[in-house]
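Reader: I'd like to walk through a model with you and learn how to read its ring pairs and helix packing. Can we take it one feature at a time?

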Amino acid sequence: MRPKIVVVTGRGGTGGELVRCTRAVDLMLARCSSAALRGLEAAEVNVEVDIAPGLPGLQIVGLADAPGRESRERVRAALRNSGFRVPLTRVIISLAPADLRKEGPAFDLPIALGLLLASGQLAPERLEGVWSAGELGLDGSLRPVRGVLALALAARRGGARALVVPAANGPEAMLVEGLVVWPAEGLSQVGALLDDPVRASPCRPAAALAAAPPPLELAEVRGQAHGRRALEIAAAGNHHLLLVGPPGSGKTMLARRLAGLLPPLPHAEALETTQVHSVAGLLRPNTALLQQRPFRAPHHSCTGSALIGGGAIPRPGELSLAHNGVLFLDELTEFRREVLDQLRQPLEEGEVWISRSRERSRFPCRVTLVAATNPCPCGWFGDPQRACRCGEAQRQRYWSRLSGPLLDRIDLQVVMRRLEADDLVQPYAVGRADGVERRSTQAVGQRVAAARQRMVSRNPGGCPNAGLVRADLQRHCRLSLEGLDLWRQAIQGRRLSARSAERLLRVARSLADLEDRERVEPAHLAEALTYRSFDQLQTTEPGGN
Ligand SMILES: Nc1ncnc2c1ncn2[C@@H]1O[C@H](COP(=O)(O)OP(=O)(O)OP(=O)(O)O)[C@@H](O)[C@H]1O
Ligand SMILES: [Mg+2]
């Protein structure tokens, strides 16, 4: 019997090899392309399928045991239930390169397509240069997978002719310009798509632009003028903020209003934030671009890897999920100290590196941190009317739970007081007009946007004031003699470290931007000094003010 010659397909140019089979049945080797996530990026993975004589069996190598077994069962059932034939012979599927760690069900679709190709149910030229990813249901339906934006970027880099993804991931994949995306509901539709993409392609799924809920209203926060002003400065210059106050003073309420003061995400930043959420598997089906700045508030019981990121195949943590937005650590003293300490370096550098024996993954994390805490265990230290029941030793222990180095990285500290009765009852007065407009989220947001505009056009690379390095700080924060004097006195009088002294100047720069001033003036420095009130509280007598 003459050997049958069959053609193997592969990504643009890599296919075309000839394989000789010794039997006149369709036994062959096939190859198709997909990608595996590595941190925020994706790397090309070749799914190779070899159909050989032998007892029926399907073996997957290159995927961890359990996911491999599960994938095998899903693919078999999906093929059968979509009207395709499952080869009744020995099949080996290899996901190469073998030394790249892979996980997740996204390889179901390329495995199924490889099987169809190798068993002659799909013409090789149809799959030429086509990348794919998607989880298969037993009925052959395609379920969304995580990280599709990164996969689509890898496909474009790899010169893919088209990318087949589950329909629910379509809008996300289509964010990548210059890449042809074929979204499909199920395996049978993928078959039809590969046969005739024009006829089988449904109209492009509309990206669900989830109606953004209106931002929380800042004017609802009564009193607390110092806290509200600090929120405005934090938003203007991306300064980290600590709110300290008794129970019910509005710390949580205030912190939740910060994201609403920040300007909308520029496209490049929105894309990066979307990619982080996509890799974490948190992007909702049919969502394209995340247009709102994230606000993440992890619980204080969270672990270091939940906060910073981690896992055998690293995934982003809450810190990176807050990228370009706000990370809120409520009840700061309840977080484990070693967890808080892990924040130091990423907060400074704007990125997290997670090392594993085989690879290092990088996740971005440029966030504005807001932390809130009570001043002491009973919550009333420093209140003029309510006595604090904690002893000095108890208070010191409580404060020592706050990581000193972390506090050193916080530019704005605000000690809030209990809400005055007048502030609380005023809004209920008949015919009252109290200038709410000036305090509204919209008005403050406009002031913040104008200040940020100035900041971005002046600072190199659009760096926020909070991240100015020393050379730029010196260039953009020149002080008059009076200003220098005030700064010197503050450093000496409050025994500020070099880091804290420069933080003061950065806050003063944001205050000048909010006032549309070219120069940092003594008044800005003086106001900046009022945002070190937690330092002062710690040296106050109990009940003192
Ligand atoms: N300044 C305020 N203006 C208007 N309402 C306020 C204010 N402060 C507190 N409240 C009311 O009290 C509720 C509790 O406030 P919030 O949770 O912000 O306090 P907190 O300072 O975080 O307290 P805790 O220390 O117990 O966490 C709010 O939902 C709001 O209804
Ligand atoms: Mg609270």
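Author: Here is the walk-through, starting with the overall picture. Bear in mind that this is a predicted model.

Reader: Fine. How many helices and strands does the protein have?

Author: There are 23 helices and 20 strands. Of the 545 residues, 52% are buried. If you take contacts between residues at least 6 apart in sequence, 71% of them join residues at least 24 apart.

Reader: On to the rings, then. How many aromatic pairs does a search of the whole structure find?

Author: Two. To name the geometry of a pair, look at the angle between the planes: under 30 degrees is stacked, over 60 is edge-to-face, and the rest are tilted. Phe295 and Phe328 have ring centres 5.9 Å apart and planes at 40 degrees, so that pair is tilted.

Reader: Where in the chain do Phe295 and Phe328 lie?

Author: Phe295 is in strand S13 (residues 295–296) and Phe328 in strand S16 (residues 326–329).

Reader: Which residues lie over a Trp ring?

Author: Arg360 lies over the face of Trp353, 4.3 Å from the ring centre. Arg386 has its charged end over the ring of Trp380, at 4.1 Å from the centre.

Reader: Last topic: what describes two packed helices?

Author: You give the angle between their axes and the distance between those axes. For helix H18 (residues 441–458) and helix H21 (residues 498–514), the angle is about 115 degrees and the axes are 8 Å apart. The crossing is right-handed.

Reader: Which residues meet there?

Author: From H18 you have Arg447, Val448, Ala451, Arg454, Met455 and Arg458; from H21, Arg509, Asp513 and Leu514. By type, the contact divides into four nonpolar, no polar and five charged residues.

Key: Residues are numbered from 1 along each chain as its sequence is written. Chains are lettered from A and ligands numbered from 1 in the order in which they are written. This is a predicted model: local features need pLDDT of at least 70, side-chain atom pairs count only at pLDDT 80 or more; totals for chains, interfaces and linings use all residues. Side-chain values use heavy atoms; hydrogens and water are left out. Rings of Phe, Tyr and Trp (its six-membered ring) pair if their centres lie within 6.5 Å; planes under 30 degrees apart count as stacked, over 60 as edge-to-face and the rest as tilted. Helices (H or I, at least four residues) and strands (E, at least two) are DSSP runs, numbered from the N terminus. A charge sits over a ring if NZ of Lys or CZ of Arg is within 6 Å of the ring centre and within 35 degrees of the ring normal. Axes are lines fitted to C-alpha atoms, for helices over the stretch in contact, and angles run from 0 to 180 degrees between N-to-C directions. A crossing is left-handed if the near helix is turned anticlockwise from the far one by less than a right angle, and right-handed if clockwise. Contact means heavy atoms within 4.5 Å. Ala, Val, Leu, Ile, Met, Phe, Trp, Tyr, Cys and Pro count as nonpolar, Asp, Glu, Lys and Arg as charged, and the others, Gly among them, as polar. Buried means under 20% relative accessible area, exposed over 50%, partly exposed in between (1.4 Å probe, protein chains only).
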